[in-house]
Amino acid sequence: MVGMAGLEGVEQPWQRGGATAARWVPSADDEQALKALELHGDPTVEEVRLPSRPESAATARRLAQCVALRHWVLAPEPAENVILLVSELVGNAVRHTGARMFGLRMYRRRGGRIRVEVRDPSRGLPCLMPVQELDTSGRGLFLVDKLSDRWGVDLLPRGKNTWFEMRVTDR
């Protein structure tokens with residue numbers, strides 16, 4: 001797995017406009033993350049349905065934060081990567097599918113692997129595009145490709161599941 005520091009030329013989530021800000025480290029006690037879990041449900045138990053609105057990416061990040069840090073007790077770097085990649089898949093579902101709702105599901109597998117799925121009703125396939133250093137958009141699947149061990153799309157009778165898997169370590 002490629003760590004965040006190994007992505008030269010890619011703006012990291014804690015960077016804004018080229019200037020490096022204090023690195024955000026998610027906290028297991030984050031009140032907003034716990035509230036998101038209470039309001040929307042646990043994506044490790046059943047699919048969480050969210051509206052296709054830009055603010056749902058933040059909700060999905062908070063859900064992933066709770067799962068990664070509280071349920072799965074992941075080490076900080078893999079937890080950050082899971083949270084970032086959840087946000088990227090959700091952002092793609094919101095921006096590109098025209099869906100009114102999408103679903104988020106998170107699984108912990110044997111052998112230290114996790115799988116995250118974002119289901120939407122569109123059968124349009126995501127496309128991994130080449131990314132240049134000065135690009136300001138289009139980096140979502142690039143990040144998914146670089147930070148996950150595997151990713152893909154499963155076509156469903158009505159829509160698709162876009163997913164990623166990664167090997168993770170516990171704290």
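Residues are called buried under 20% relative accessible area, exposed over 50%, and partly exposed in between, with a 1.4 Å probe and protein chains only. The structure is a predicted model, in which local features need pLDDT of at least 70 and side-chain atom pairs count only at pLDDT 80 or more, while totals for chains, interfaces and linings use all residues. Residues are numbered from 1 along each chain as its sequence is written, and side-chain values use heavy atoms, with hydrogens and water left out.

The protein chain contains four helices and seven strands, where helices (H or I, at least four residues) and strands (E, at least two) are DSSP runs numbered from the N terminus. Read from the N terminus, the order of elements is β-β-α-β-α-α-β-β-α-β-β. Of the 171 residues in the protein chain, 48% are buried. The accessible surface of the protein chain is about 9300 Å², and carbon and sulfur atoms hold 50% of this surface; areas were computed by the Shrake-Rupley method with a 1.4 Å probe, and for residues only the protein chains shown count as cover. Contact is defined by heavy atoms within 4.5 Å. Among contacts in the protein chain between residues at least 6 apart in sequence, 67% link residues at least 24 apart.

The pairing of helix α3 (residues 76-96) with helix α4 (residues 140-147) was examined through their axes, which come within 9 Å and cross at roughly 145°. Axes here are lines fitted to C-alpha atoms, for helices over the stretch in contact, and angles run from 0 to 180 degrees between N-to-C directions. The crossing of α3 past α4 is left-handed, a term used if the near helix is turned anticlockwise from the far one by less than a right angle, with right-handed used if clockwise. On the α3 side the contact involves N81, L84, L85, E88, L89 and N92, and on the α4 side G140, L141, L143, V144 and L147. The residues of this contact comprise seven nonpolar, three polar and one charged. In this classification Ala, Val, Leu, Ile, Met, Phe, Trp, Tyr, Cys and Pro are nonpolar, Asp, Glu, Lys and Arg are charged, and the others, Gly among them, are polar. In an α-helix there are 3.6 residues a turn, so residues three or four places apart point the same way.

Helix α4 is mostly covered, with six of its eight residues buried. These buried residues are G140, L141, F142, L143, V144 and L147, and they pack against α3, β6 (150-156) and β7 (159-167).

Helix α2 (residues 55-71) includes T59, which is buried at a relative accessible area of 13%. Apart from residues up to four places away in sequence, T59 touches A36, H40 and L50. The loop between α2 and α3 holds V73. The phi of V73 is near 50°, a positive value in a residue other than glycine. Most residues other than glycine have a negative phi. V73 counts as partly exposed because its relative accessible area is 35%.

T44 lies in the loop between α1 (31-40) and β3 and is partly exposed at 25% relative accessibility. Neighbours within four places in sequence aside, T44 is in contact with V67, H71, W72, R105 and M106. The C-alpha atoms of T44 and L63, 19 residues apart in sequence, are 9.8 Å apart in space.

In strand β3 (residues 48-51), R49 is partly exposed, with a relative accessible area of 40%. A separation of 4.5 Å is found between the C-alpha atoms of R49 and G103, which are 54 residues apart along the chain.

Strand β5 (residues 113-120) contains D120, which is buried because its relative accessibility is 3%. The contacts of D120, not counting residues up to four places away in sequence, are A93, T97, F102, R158, G159 and K160. D120 and V90 are 30 residues apart in sequence, and their C-alpha atoms are 9.7 Å apart.

C66 is buried, with a relative accessible area of 1%, whereas C127 is exposed, at 51%.
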